[in-house]
Amino acid sequence: MATGRDPLFDDVDRTDVTPSSHQESTFEFLNRIAGDYWEHPRSLMQEWSNHIEDDTDYTDLRQRFRSRDDEQFRSAFLELYLHESLIRAGYTVTIHLTVEGTTARPDFLAERAGEQMYIEAIAPGSTSAAKAATQRRAVLFDTVNRLDDPNFLLSLEDLVEGPRPPTAARLRADMRRWLAGLDPDQPWDFESAPSRQWQDDGWSVTFKAIPIRPKARGHRANSRAIGVYGHTGVDWIDDAPAIRKALITKHHEYGDLNAPFVIAVGTYIHDTDRWHTTNAMYGAAAIAWSEGPDGEMATRQVRQPDGYFGVPPNWQHRNVSGVLLVNQLMPHHLQRAEVTLWRHPNPTHVLPEELGLPAHAVAFDAGKLREIAPASIAEDFFGLPNPWPPGEPWPDEN
């Protein structure tokens, strides 16, 4: 590390081994959690950050990590991940370079063997209203989780949010009174377990009390009262519009850069089968009905013309050579991130055939999507032991 640079994390002796609370940011958690397991992601983040040559760029990254805003943390770690990936793939990397003809400054220029590639990173965030609602719920969850009742766990059944954070002292006192009046040795099953609806200042919250097995009762270290978060219900989720929106906010910033241009999008969605991302790139899946000569109805799958890349032959956003989707990226399980390069079917500037990154590639070939596996998996590419991090995150838990 360059002389005079402050480290990402505080240089202190750590003794706190409690799990993260809902109100605690990712940085706050990593900065205070003790144990060899957690030292590994801290050391990795520092090592990767040391590879950033410019002191100003390092300081900017450090401030974003330490901002105690999870969205800033995730955005900064996405950029750090990309920077390290490009270096390990053999590129010379320039950060936030000035480009003639625009005031926007791409995050990276990567150069290797006479070839250039620009990369812009974005991690879509929440609205101010959504952030505020998350913080209000965090107060509720953390207050209940600190009840420390020796006999019961709770199932959170229903939740109607109030306009302000709940009054922690009142909520805690009411819940403790209720639990103290219950007999954990009653032969309840889950359906017949006693429930309690707590209401105050616009909040309406319903809990079920679940007796703990007799042998496991007592005040337990690091225990949380809420064992089941069953208040969210079941809903249809479509993350494709959010991915398209994130891309559109970036591609207008740049014209023709005279080189391949990649937008890297950091997401935290459930998309192992790439259903959401395929819909975002190539349009939402739909069913078309047609009547055959014999009068029978036939169906076939088609895609709506709302994909970011458009539809053949009228491909759109050709100045974007590809989209690198980095899903579920976090320092303590970065090898499990789902990284996929979606190559544009007909870009203005074609990406090199082999980028050297630990990413699956999806290309449009002869009217079909073709997947290409990476040359190396993340553990090998980044030189990580298996498992990563080594050790146990909560070694004292039974």
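**Aromatic close-ups**

**View A. Ring pairs link Tyr 282, Tyr 308, Phe 309, Trp 315, Trp 342 and Phe 364 into a cluster.** The model is predicted: local features need pLDDT of at least 70, side-chain atom pairs count only at pLDDT 80 or more, and totals for chains, interfaces and linings use all residues. Residues are numbered from 1 along each chain as its sequence is written, and side-chain values use heavy atoms, without hydrogens or water.

**View B. Phe 9 and Phe 27 form a stacked pair.** Rings of Phe, Tyr and Trp (its six-membered ring) pair if their centres lie within 6.5 Å; planes under 30 degrees apart are stacked, over 60 edge-to-face, the rest tilted. The count comes to 19 aromatic pairs. In the pair of Phe 9 and Phe 27, the centres are 5.3 Å apart, with 10° between the planes. Phe 9 lies in the segment before helix H1 (26-32) and Phe 27 in helix H1, so the pair ties together parts 18 residues apart in sequence. Helices (H or I, at least four residues) are DSSP runs, numbered from the N terminus. Phe 9 is buried at 8% relative accessible area; Phe 27 is buried at 2%. Buried means under 20% relative accessible area (1.4 Å probe, protein chains only).

View C. Tyr 37 is buried at 12%. Trp 38 is buried at 5%.

**View D. Charges sit over two rings: Arg 74 over Tyr 268, and Lys 208 over Phe 190.** The criterion is NZ of Lys or CZ of Arg within 6 Å of the ring centre and within 35 degrees of the ring normal. The charged end of Arg 74 is 4.6 Å from the ring centre of Tyr 268. Lys 208 is at 4.6 Å from the ring centre of Phe 190.

Conventions. Helices (H or I, at least four residues) and strands (E, at least two) are DSSP runs, numbered from the N terminus. Buried means under 20% relative accessible area, exposed over 50%, partly exposed in between (1.4 Å probe, protein chains only).
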